[in-house]
Amino acid sequence: MNKMVEVSICYGTLCFVMGGAAFEMMGDKLPDDLKDKVAIKGMNCPGYCNTQEQGRPPFVMVNQKLIAGANLNKVIEFIRKEVDHGTNQ
Ligand code: FES
């Protein structure tokens, strides 16, 4: 069964100015074969930007896995891994 991959994008100010703006309209920027496999939502700042521990903004979560210093390519790579996983279950 195909499960949707859940992508949560931090909409906090710091993530936004550190590159998160690139994730606006992200649904349109996904490769065609992934478009119907991904559920994208925003999240309020989870506070990772306040510590150095998790890395640097912007932060995106893909199925509860945290990506620091996220950019579109990194996020797509993570989504692909999740999609591939899903087919083995
Ligand atoms: S603004 Fe994104 S983690 Fe704080």
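Two strands are taken to pair if DSSP finds at least two bridges between them. Helices (H or I, at least four residues) and strands (E, at least two) are DSSP runs, numbered from the N terminus. The model is predicted: local features need pLDDT of at least 70 and side-chain atom pairs count only at pLDDT 80 or more, whereas totals for chains, interfaces and linings use all residues. Residues are numbered from 1 along each chain as its sequence is written.

View 1. An open sheet is formed by 4 strands in the order 2-1-3-4, with mixed pairing. Strand 2 and strand 4 (65-67) stand at the edges with a single partner strand each, so one side of each has no neighbour in the sheet. On average, neighbouring strands of this sheet are turned by 25 degrees against each other, direction ignored; the axes are lines fitted to C-alpha atoms, for helices over the stretch in contact, and angles run from 0 to 180 degrees between N-to-C directions.

**View 2. Strand 1 and its partners.** Strand 1 (residues 5-10) pairs with strand 2 in the parallel sense over 6 bridges. In strand 2, Ile 40 stands opposite Val 7, and Lys 41 stands opposite Ser 8. Strand 1 and strand 3 run antiparallel and are joined by 3 bridges. Here Val 7 stands opposite Val 62 in strand 3.

**View 3. The largest nonpolar core.** A nonpolar core is a set of buried Ala, Val, Leu, Ile, Met, Phe, Trp, Tyr and Cys residues joined through C-beta atoms within 7 Å. A residue is buried if 20 or more other C-beta atoms lie within 10 Å of its own, exposed if 12 or fewer, and partly exposed in between, with C-beta atoms placed from the backbone. The largest such core has 16 residues, of which Val 7, Phe 59, Val 60, Val 62, Val 75 and Ile 79 touch the most other members. At least two residues of this core come from each of strand 1, strand 3 (60-62) and helix 3 (72-88). Strand 1 gives the most, with 4 residues.

**View 4. Contacts of Ile 79.** Leaving aside residues up to four places away in sequence, Ile 79 touches Val 5, Val 7, Leu 34, Val 38 and Val 62. Contact requires that the C-beta atoms of two residues, placed from the backbone, lie within 7 Å.

**View 5. The loop at Asp 33.** Asp 33 lies in the loop between helix 2 (26-29) and strand 2 (38-43). Asp 33 counts as exposed because it has 9 C-beta neighbours inside 10 Å. The C-alpha atoms of Asp 33 and Asp 84 are separated by 12 Å, the two residues being 51 residues apart along the chain.
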